[in-house]
Structure formats: structure tokens, C-alpha cells
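Biologist: I would like to go through the terms used for this model, one by one. Please set each value against its definition.

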Amino acid sequence: MEKIDGVVERIVFSSQQGDFSVFRVQKLPEGQSVTMTIHTPPPLIGQEFTAHGEWIEHPRFGPQFKVTTMTTRKPNSTQAIEKFLSSGRIKGIGPVVARKIVDMFGEDTLRVIELEPEKLLQISGIGKKTLQKIVSSYEEEGELREIILWLEEHGISGAYAGRIFASYGSRAMEIMEQNPYQLAADISGIGFTLADQLAQSLGIEKNDRQRLIFGLDFYLQQIVLKGHCCLPEMELINRVARMLGVEKEEVNLALKDSLERERFAYEYMGGENLIYPYYLYQAEREVAERLEEIRDNVEKLPADDAGEIIERWELDCHLKLSLGQKQAIEEMLNTGILVLTGGPGTGKTTVVRGMIAVLEHLGQKVILGAPTGRAAKRLSESTGKKASTMHRLLEATGEINEADNGSIFQRDSEEPLEADAIILD
């Protein structure tokens, strides 16, 4: 790993998330200009630094020094200070005002801004409102740098500093020191494993209550990613205790505390408690209630001649349905919800085709949908009818609802799909 000492000349690129920057520097003492990249917010223009990393060859931009760790120092020459203040990073100061400030205070400029900012009112062009803007912006820069250094001291990439500061502001250090596990809940990209690494660096005990609670939450989220909504209580306790390396009783107490605070929810079924993330428990109940409402309030279709319609369809298609297949089609006319199950080759597709034929004969508008594009194409090919993905049916906007982090759709309970029957495969 190579070491470079230098001073920052200009910022080439800085991502909005604060997790990647490209900047030009002047190497010290030789004065050669080079390009550097780092997975953190950019350093300050005019700032001196010591960086460790390696040289890489970018296919488009040529040689770049990829920084692994960087230690920065405040600009200490009048030229470096003026560059920093002129960079646009400090709101309220442009190149002209920066020159005036440095001309008046020289190498003492940054100390004045930090400790005696009222002296800046002596500069023409700086009033009380502008002064307030300058002080606030300068403090934010300092706090962001402090978070980066603190994270790296504890073995965590400073790339997360921008997101942390955006979420917590001036309370960032306090929150990270008191409950590092909160980062896993609030900061994109920081999961339980990284937060746990930080907690261990801070000396937090393995059986700390917050660690146990967030460990339970982490494990439940892992089973959600596999398509499950809940886990039996004892199975959850055993697995989390093993994962965290603690006693089962300690996890059990943390789980009881979480249930009382409605962080998790439970449903007693089959002789045991099933533990849910609270939001999924609510969602599952709402779905069940909505399905019951649809089932019980449907306007039944006339089924007197259903048998004759099915027979004519069988003749037209040269098919012979089994008794079970006919019953499924007839039942569809009498209920608002029908779940059709069966393994491969049991005739589900044939039943669906029969359902469509009967519904269309009765003048009903039918819509077909499937979870994925491939499944929708397969459904369309097997029925001879147009089928769409569920996202397209519900007219997904591509936007995210900030309240629950879910997708936003144009179609919902207030603007339902314009159809008499919907078949989802």
C-alpha cells in the first residue's frame, strides 16, 4: 500500500449520497498533480492530508489513486485557506468574500470563524444573516469530518458519514455512541452485522438488551427475504441465541420486552406462538380481512346453465373435463375468492381456460395477471388472452411511499381495476 502526502486542489465529482468522490490533489513535496478517488464525501479544497491506497488504471480517465484511508489536516497557509473558502462548500462565502476574509485575518482565519465569528461582520458584504449562514455551514463541515474520523477509528468505512449526518444531524455522535444498533434501522447500507461490529468496537456486551432486540429483528428480516412472514417462537429464540452466542433465556426476555412494546407481534396457532415483524402481522391481518370482505359481499353470477356452457366449451375445444375440474369452474361463479391448487399436470391451466370461457359467455370482463413478466407470458400463451404483470396491472409509478417505504400504485381500493373478474397465476 502506497502513501501520499498532498493538498486538495479541486473536487471533480461528489455523489449526492456522499459515498464516492473524485478530486485532484497536488502531491507534496514534489508538486505533481494527480487524481484520487475515495468512498466518502470529498475532503476540503486547500486541505492537507496523508492518504494510503493503491494506483489503478481507469479505462476512460487513466491513472487514479484509490484511497483506502485518509487523515486530513485543516488548511494552514493563507493560499490553502482562501482556496477552501472559495470552494463553495461554505455557504455565504464566494471567491471575492474569501479573499477579503483572508486578507484581513490571514492564517488566523479558521480560528476566527470557529471561535470569534462575529469579527466577520467587519468584512463588507457580510451581514448578520450571511454570518449565520457561514457559521452554520462551517459547523456542518466540521461535524461531517468528525463522523468520518470516528467511524474509521472504529473500523467502519467513512462512506456512511454523509447518510448518518443527513439522518441525525448534530445528534449523530450521541446516537452512534449510545446505541450503534439504531444505525441498522435508520441508515441505508448499514445492517445488523456492521452495527454489531461497531458495537463490539465500543465495548458493548454480547448480552446487551439492544443487541438482543436488534438481533431478533435482523433474524426475522432474514426469513422475510426468503418469503416467510413469521417463525415459531422457540425456533426463533434458539436460532437467535446461537447466532449471537448468548443464553436462550436472555433472548426470551428480550423477545417478551419487544412483544410488549409492539416491536413484534404474535399469533397463537397450532399449539405455539408464531412471531411476526409487526408491520407484516398488520399486513397479513388486513389482507385476510379484505379477502373475507370480497368473499362475503360478492354478487353471485347466474349458474343455472353453467353446466351447459361448460359442455359446449368442451365440445368446441375437444376436451373432457374431470368432475373436479367442472366443480371448480362452477364454484367460481358462487364465490368472490377462489384459490385453485394442484401440482404440475393436474389440469389447472385447463380449468383457467374454462373459467374464462364461462365468464366471457356471461358478459364479464376478465383481466389476467402474474407476478413476473415470464409468468405473464406463459399465462397468455396457455390461455390465448392478454396477461400483464401485477405491477403493470396496478399501474406502478416507480415512486416510493416515504411513510412505509412501499411502492406507489395508481390503482388501489379507491381506484380499483376496471374488471368483473381477475385471474392471477
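Biologist: What volume does the second largest pocket have?

Modeller: The second largest pocket has a volume of about 420 Å³, a volume being the space filled by probe spheres set on grid points that are joined across faces, edges and corners. This is a predicted model, in which local features need pLDDT of at least 70 and side-chain atom pairs count only at pLDDT 80 or more, while totals for chains, interfaces and linings use all residues. Residues are numbered from 1 along each chain as its sequence is written, and side-chain values use heavy atoms, with hydrogens and water left out.

Biologist: What makes a set of points a pocket, and which residues line the second largest pocket closest to its centre?

Modeller: On a 1 Å grid over the protein atoms alone, a pocket is an open set of points with protein on both sides within 12 Å along at least five of seven lines, and lining residues have an atom within 4 Å of a point. For the second largest pocket 13 residues meet the lining criterion, and Ala184, Ala185, Asp217, Phe218 and Gln221 are the closest to its centre. Helix H7 (182-186) and helix H9 (209-225) each give two or more residues to that lining. H9 provides the largest share, six residues. Helices are DSSP runs of H or I with at least four residues, strands are runs of E with at least two, and both are numbered from the N terminus.

Biologist: What makes S7 and S8 a pair of strands?

Modeller: Two strands pair if DSSP finds at least two bridges between them. Strand S7 (residues 264-269) and strand S8 (residues 272-277) are joined by six bridges and run antiparallel, so they meet the definition. Phenylalanine 264 stands opposite proline 277 in S8. Two residues lie between the strands of this hairpin, and glycine 270 in the turn has a positive phi of about 65°.

Biologist: Why is the contact between arginine 239 and glutamate 235 called a salt bridge?

Modeller: A salt bridge needs a side-chain nitrogen of Lys or Arg within 4 Å of a carboxyl oxygen of Asp or Glu. The closest N and O atoms of arginine 239 and glutamate 235 are 2.4 Å apart, so the pair qualifies. The two residues are four apart in helix H10 (residues 233-244), which means about one helical turn separates them. The structure holds 16 salt bridges.

Biologist: Why is valine 339 called exposed?

Modeller: Its relative accessibility is 67%, so valine 339 counts as exposed. Valine 339 is in the loop between helix H14 (323-332) and helix H15 (348-361).

Technical notes. Buried < 20%, exposed > 50% of the residue type's maximum accessible area, 1.4 Å probe, protein only. 1 Å grid on protein atoms, 1.4 Å probe; cavity = no way out; pocket = protein on both sides within 12 Å on 5 of 7 lines; lining within 4 Å.
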